[in-house]
Amino acid sequence: MNKPADASRSGSASEDESESASEESVYSGLEDEPDTSSDEKEENNQGDDGDQLPDEYVEDSSDEEDIRNTVGNVPMEWYRDYGHLGYDVTGSKVMKPKHGDELDEFLDKMENPNYWRTVTDKMTGQKMVLDDGDLEMIKRIQKGAHPSTSENMYEPWVDFFSSETMIHPVTNRPADKRSFVPSKWERLKVGQMVHAIKMGWMKRREEKKSKEEEEDPFYMLWKDDEEPDITKRYRQHIPAPKLPLPGHAESYNPPPEYLLTKEEEEKWKEQEPEERRQNFIPQKFSALRKVPAYDRFVNERFERCLDLYLCPRQRKMRMNVNPEDLIPKLPKPKDLQPFPTTEAVVYKGHTDMVRCVCPDPSGQWLATGSDDNTVSNTTVLIVNPGLVDKLLVSNTDTLVMSFEDSQDAPAEKKVPVDWIASDLNLEDYKTGLRLKVEHPKEISQVTWHAKGDYFATVMPKGESMSVLIHQLSRRRSQNPFSKSKGLVQRVLFHPVRPFLFVATQRFVRVYNLLKQQLTKKLQTNCKWVSSMDVHPGGDNVIIGSYDCRLSWFDLDLSTKPYQTLRHHKKALRQVAFHPRYPLFASASDDCSIIVCHGMVYSDLLQNPLIVPVKVLRGHTAKNSVGVLDCHFHPTQPWIFSAGADGTARLYT
């Protein structure tokens, strides 16, 4: 349907009017600029040859694409220091429009009524005056409405493409031939790539990565040394130490105790400058205005400069650690009961210090040894007191008296030890004495094997015969060592295995009696070993020393102490394990017995738990000697002790 001619003319006329209005809105900002810039525009529009170039702003139209900026959509800050905004088709610069200074801006603000609606285009740098339509659009955008007033956001929905399947498609054009035939250019490209791979010119991504990984990256080994000293000083700057603050002696009105007397002042003057405690004499003034100038100011400043220049400084890393975090968290002693806590019985009767104490396996009887000199120090007495089961007493006598000296026994190296049996008619036999084992030197210790047929003796002055092992049933003795390894202090049998522990002054050697060889050598880290005991399990050993140390050894862990305890103030005389409970104790010359909880776990990955639980006191010192021996009860969590005060005590 054709439109009327008048309507077409009116439409074209409206279009021309809109174009003219838009052009006026564009150039309205240019008309307000001063006329002085016209000469500059003419100069800028002239080329290198002086020819007059056409002004591109004259031919600009709002409907066309903006050709005044030829650099594209980039930040204009990049061209802040340049006078152009790109180049035109002929290669000439597209110059920026000239703007006035702040004074021109102020005059324009005062005189131009359209200043409030004038904005600057960031892309071209031109000033543009917004018309009423632009202002209305801005207001609608600020309110969150649609920018255009002519658009209806709620127009009726027109379903151009129906959801129903139609018979006739939208387009019924047949498919092209190229969609079925392989591409010729792709074939050529693939052929070139295959040829390049065969010749080795092109490599796969995996090969490139593997080649880069194989190549070792090179770096400068002495790069830090090549750094200049100035930057190194700046990077590793250590601030100078601050001067100490002045004290009371440096006050103009110090307290009287800081003033020197005449004698002290003369003594101060006689001393060398390096020996003086302070390098000035305190003086007292009634007012601050009476204080004269300090005469040693320059000297002190010079000495300060020398200290900063010549004295080396070192940066030390200081760690802020809470001291409580370093203390291991141990269980409370109340949770580790039972253990002996109080003194129950005091055994009196000896006239001199009690050296040793030992209960019988049933725990009903107690034997003590004293310095009463009733028995020779070179004799071991085998006594059957007859205090337990009569059947056991008779069997013991039968075993001891059934010995027959066989002449056909193989010849062995003779040991200077005499076995003397007690006569049945003598009074010694009636009192319980069965055998005497005479030794050539003084004996310091006797220890029994777990089975009861073997016992060992220690003679510290016996040299190569310091340790002797005796067999009761055959009445024979043997020397397991041909050479002396040092002054032997203690000897113990392993409770389960055929091992022998020999403690000298500084080392503990573990020997295998079957293989007759040295198994381990423990380093005690102490000056003089005094006592030793083996855990009932056989894998842990405790050692006491005269330098107030108790060392715990884990034989499966190391040959060095697992833990060292320094709870006693004087020498340790004896250490002992409890045969059933996880307890061990140490007796010292400070008249105290410290009982500790020592739990040994079956899990080899878990370390033993060692916790001191109780300090037992009661003995008194005599000739600087305190508690000499301690031994646990076989079945109860009790402990017996022997002291230099001539008493034995029981703690329960």
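A salt bridge here is a side-chain nitrogen of Lys or Arg lying within 4 Å of a carboxyl oxygen of Asp or Glu. By that rule, Arg649 and Glu343 make one, with their closest N and O atoms 3.1 Å apart. What you're looking at is a predicted model, and this pair is a handy way into it. Arg649 sits in strand E29 (residues 648-651) and Glu343 in strand E5 (residues 343-347), so the bridge links distant parts of the chain, 306 residues apart. Arg649 is buried, because its relative accessible area is 11%, which falls under the 20% cut-off. Glu343, at 34%, is partly exposed.

**The whole protein**

Stepping back, the protein has 652 residues, and 28% of them are buried. You'll find 13 helices and 29 strands. Take the contacts between residues at least 6 apart in sequence: 47% of them join residues at least 24 apart. The protein exposes about 48,200 Å², and carbon and sulfur atoms supply 52% of that.

In general, side chains of opposite charge can pair when their charged atoms come close.

| Arg649 and Glu343 | 3.1 Å | 306 residues |

Lys127 is buried at 17% relative accessible area, and Glu105 is partly exposed at 32%.

Are they buried or exposed? Arg117 counts as buried, at 16% relative accessibility, whereas Asp132 counts as exposed, at 55%.

**Strands and a hairpin**

Now for some sheet. Four strands line up in the order E19-E20-E21-E22 to form an open sheet with antiparallel pairing. At the edges are strand E19 (529-534) and strand E22 (563-565), each pairing on one side only. From one strand to the next, the twist averages 20°. Strand E21 (residues 550-554) is joined to E22 by three bridges, and Leu550 stands opposite Leu565 in E22.

Elsewhere, strand E6 (residues 354-359) and strand E7 (residues 366-370) run antiparallel, joined by five bridges. Cys356 stands opposite Gly369 in E7. Six residues lie between the two strands of this hairpin, where Gly363 takes a positive phi near 85°.

Where does Val388 sit? Look in the loop between strand E8 (379-383) and helix H12 (390-401). Leaving aside neighbours within four places in sequence, Val388 is in contact with Asp360 and Val393. Val388 is partly exposed, with a relative accessible area of 40%.

**A nonpolar patch**

Finally, which residues form a nonpolar patch on the surface? They are Met193, Ile197, Met199, Trp201 and Met202, with about 540 Å² of accessible area together. Trp201 lies in the loop between helix H5 (184-199) and helix H6 (205-214). Trp201 counts as exposed because its relative accessibility is 61%, over the 50% cut-off.

Technical notes:
Residues numbered from 1 in each chain as written. Predicted model: local features only at pLDDT ≥ 70, side-chain atom pairs only at ≥ 80, totals over all residues. Heavy atoms only, no water. Patch = residues over 30% accessible without salt bridge, like charges linked within 9 Å, V, L, I, M, F, W, Y side chains within 5 Å. Areas by Shrake-Rupley, 256 points an atom, 1.4 Å probe, with all protein chains shown as cover. Buried < 20%, exposed > 50% of the residue type's maximum accessible area, 1.4 Å probe, protein only. Contact = heavy atoms within 4.5 Å. Pairing = 2+ DSSP bridges. Axes fitted to C-alpha atoms, helices over the stretch in contact; angles between N-to-C directions.
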